[in-house]
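Please walk through this protein model from its confidence values to its side-chain contacts. Each term is given its cut-offs where it comes up.

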Amino acid sequence: MSTTTAIAEYNPVEAGLEALRVKYQDVAFDLRSTKGNAEARAARKELVSLRTSLEAKRKELKAPLLARGELIDSEAKRITAEVIALEKPIDDQIKADEARRETERLAREQAERARVARIQASIRAIAEAPLRAVGKSSADIEQEIDALEAFEVDASYDEFRPGAQAAK
């Protein structure tokens, strides 16, 4: 079995692997004998040494790449911080304007609720005028009638004008 590798630094190791395959693949050591046990241990030591040296080589080859990656990350963080420093004041202005618009919208809604409540209270007061006249003198009732007749359902009643006219 012949394997090739695209990493030039691994080529000596790859060549050594073929020799190791020939030397150790499917070998059965006689571990009951002192000689066989020593051979198995020597083989294991050689393979462990090769494996750990491969790991050391991998780390050595990868170290500059990791350092470059860290440099790229730190530079990206620095640039991002500068962009955020430019972006934040604009974002703050937009958020402040959105908050101002929301405050104005809520104020308009509150003013509309208050306007409707005032008109409805006025219409109720008009409609309850006869109840207030119960038990009063004819002069007081006449005064109440004069006040109602003088009352003008004006444009401020908008959509409530028909109800206000009916109550009057």
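What is the mean pLDDT of the protein, and what percentage of its residues reach 70 or more? The mean is 89, and 92% of the residues reach 70 or more, where pLDDT is the predictor's confidence in each residue, from 0 to 100. This is a predicted model, in which local features need pLDDT of at least 70 and side-chain atom pairs count only at pLDDT 80 or more, while totals for chains, interfaces and linings use all residues. Residues are numbered from 1 along each chain as its sequence is written, and side-chain values use heavy atoms, with hydrogens and water left out. Confidence is lowest in helix 1, at a mean of 80, and highest in helix 2 (residues 34–127), at 95. Helices (H or I, at least four residues) and strands (E, at least two) are DSSP runs, numbered from the N terminus.

Helix 1 covers residues 11–24 and includes R21. The side chain of R21 makes a polar contact with the side chain of E18, at 2.8 Å. A polar contact is a pair of N or O atoms within 3.5 Å; within protein, one must be able to donate a hydrogen and the other to accept it, and residues adjacent in sequence count only if both atoms are side-chain atoms. R21 has a relative accessible area of 19% and is therefore buried. The classes are buried under 20% relative accessible area, exposed over 50%, and partly exposed in between (1.4 Å probe, protein chains only).

The loop between helix 1 and helix 2 comes next. D26 lies in this loop and has a positive phi of about 60 degrees although it is not a glycine. Most residues other than glycine have a negative phi. D26 counts as exposed because its relative accessibility is 77%. F29 also has its place in the loop between helix 1 and helix 2, and at 30% relative accessibility F29 counts as partly exposed. V27, F29 and L31 form a nonpolar patch on the surface, with about 240 Å² of accessible area together. Patches are made of residues with over 30% relative accessible area and no salt bridge; like charges are joined within 9 Å, and nonpolar side chains (Val, Leu, Ile, Met, Phe, Trp, Tyr) within 5 Å. Accessible areas come from the Shrake-Rupley method with a 1.4 Å probe, and for residues only the protein chains shown count as cover. How many Å separate the C-alpha atoms of F29 and R108? They are separated by 93 Å, and the two residues are 79 residues apart along the chain.

Salt bridges are the next topic. Side chains of opposite charge can pair when their charged atoms come close. A salt bridge is a side-chain nitrogen of Lys or Arg within 4 Å of a carboxyl oxygen of Asp or Glu, and by this rule the count comes to 17.

One of these joins K57 to E60, with the closest N and O atoms 3.6 Å apart. Both residues lie in helix 2, three residues apart, about one turn of the helix. K57 is partly exposed, at a relative accessible area of 28%. Further along, K88 and D92 meet in a salt bridge of 3.0 Å, N to O. K88 and D92 are four residues apart in helix 2, again about one turn of the helix. K88 is partly exposed at 46%, and D92 is partly exposed at 35%.

R115 forms a salt bridge with E112, and here the closest N and O atoms are 2.7 Å apart. R115 and E112 are separated by about one helical turn because they are three residues apart in helix 2. Is R115 buried or exposed? With 16% relative accessibility, R115 counts as buried, whereas E112, at 35%, counts as partly exposed. Salt bridges that share partners also join D97, R100, R101 and E104 into one network.

The structure holds one aromatic pair. Its members are F151 and Y157, arranged edge-to-face, 6.0 Å centre to centre with 90 degrees between the planes. Rings of Phe, Tyr and Trp (its six-membered ring) pair if their centres lie within 6.5 Å; planes under 30 degrees apart count as stacked, over 60 as edge-to-face and the rest as tilted. F151 is partly exposed at 25% relative accessibility, whereas Y157 is buried, with a relative accessible area of 6%.

D158 lies in the loop between helix 4 (138–150) and helix 5 (161–167). D158 has a positive phi of about 35 degrees although it is not a glycine. At 45% relative accessibility, D158 counts as partly exposed.
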